[in-house]
Amino acid sequence: MQQWNAFYELINSDSKRFVILTHQNPDADAIGSSLGWKLYLQKKGHTATVIVPNECPSNLRWMPDYAEVITFDQNAQTVAQSKKLLQEADVICCLDFNALHRIKGLGSLAQSSEATKILIDHHLEPEPFADFAFSDTTKAATAQYIWEIIKQMGDAELVDKPMAECLYAGIMTDTGSFRHGNTTPEVHLAVADLMRTGLNTNYVHRAIFDNNSLGRTRLLGYVLSEKLTWLPEYRTVYMTLSLEELKRFNSEIGDTEGIVNFGLSLENVVMAVLLIERRDEIKLSFRSVQDFSVRELANKYFSGGGHKNASGGRTSTSLPETVNLLLSILPEYQTQLLNVEK
Ligand code: 5GP
Ligand code: MN
């Protein structure tokens, strides 16, 4: 309550300089919640800038005000600009991630800034760096949380169609288009409220999902037909993609997003894993159903974490070695995997 009152005062104070940060490889919830929050802060009379650690995928660049977003790692100028903004900021908001070290260079700049820090997130185990921490894993998306905070502020009427588009994009994608177990009544209520602004949900859905390049569509076909391994004894599916294969399909940032979910759509599958070779690491995406938690596994063996049913991790070995590591740990989880009701 005390936190809320001080937070309320801050948001309702005279014009302040806000900087909004979100996680590496921004997804629709990261950039959608950030832009929605930025548009709100501007309506409250503040100045606000969104900085992303690296580039957003092309299917998210339609969002209102995306043109104003600063991509930190783009060039020396964007690095310098970000440094200046963070040094001069009165308030830094961290959206859709739980620890500053996860955004590397940008995180250390934020850490050393004197600004008041706000965290708004729905991941487990937030690090205690923020002056105001709104961290709630029952929220399906950070964008849902943003909407609820604006409503609690008494500012629901400030939310217009552009803000609703940004927030809806985050809610829709983090719930897997309202399919995942995190799709609560509150999710649908938030969407109902957002739709009253004139939001066209069909437009947002098409902008995000029906905008694939030919390369991405062919890449998906290739992975599913050639690179998918089904391990019935572990009810696990895994898929791999090497740098060479990504290059062959002219893969761009974001092109591999969502591929792992196709693994989960298979009959009887409890866990799906996508292993992607990047220049400096192997990135793993884990997805699961029901009570089987991939978060613990991602954390214990792959220096990662996330949510119960959607986590990520990485190794610094080769792709074949990472596959071997995955295969070697599966027996530990076999009983759990076999006992899940699907
Ligand atoms: P994705 O597979 O889409 O990269 O990640 C799935 C989920 O896990 C996302 O919510 C993402 O934020 C989270 N995640 C991915 N990598 C890590 C990590 O290294 N640490 C933590 N704590 N979460 C991660
Ligand atoms: Mn999210």
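**Exercise 1. Which residues does the UniProt annotation "domain: DDH" cover?**

Solution. The annotation, from an unreviewed entry, spans residues 18-171. UniProt positions follow the numbering used here, feature names are shortened, and annotations may be inferred rather than shown by experiment. Residues are numbered from 1 along each chain as its sequence is written, and this is a predicted model, in which local features need pLDDT of at least 70. Next, look at the make-up of residues 18-171: the chain there is 39% helix and 18% strand. Its end C-alpha atoms lie 23 Å apart.

**Exercise 2. Find Asp65 and describe its setting.**

Solution. Start with the loop between strand 2 (47-52) and strand 3 (70-71), where Asp65 sits. Strands (E, at least two residues) and helices (H or I, at least four) are DSSP runs, numbered from the N terminus. Then check the backbone: phi of Asp65 is near 70°, a positive value in a residue other than glycine. Finally, Asp65 is partly exposed because it has 17 C-beta neighbours inside 10 Å. Buried would take 20 or more other C-beta atoms within 10 Å, exposed 12 or fewer, and partly exposed is in between, with C-beta atoms placed from the backbone.

**Exercise 3. Which residues touch the most other members of the largest nonpolar core?**

Solution. A nonpolar core is a set of buried Ala, Val, Leu, Ile, Met, Phe, Trp, Tyr and Cys residues joined through C-beta atoms within 7 Å. The largest has 62 residues, and Cys93, Leu167, Tyr168 and Ile171 touch the most other members. Apart from that core lies another, of 26 residues, including Leu219 and Ile282.

Note on methods:
Chains are lettered from A and ligands numbered from 1 in the order in which they are written. This is a predicted model: local features need pLDDT of at least 70, side-chain atom pairs count only at pLDDT 80 or more; totals for chains, interfaces and linings use all residues.
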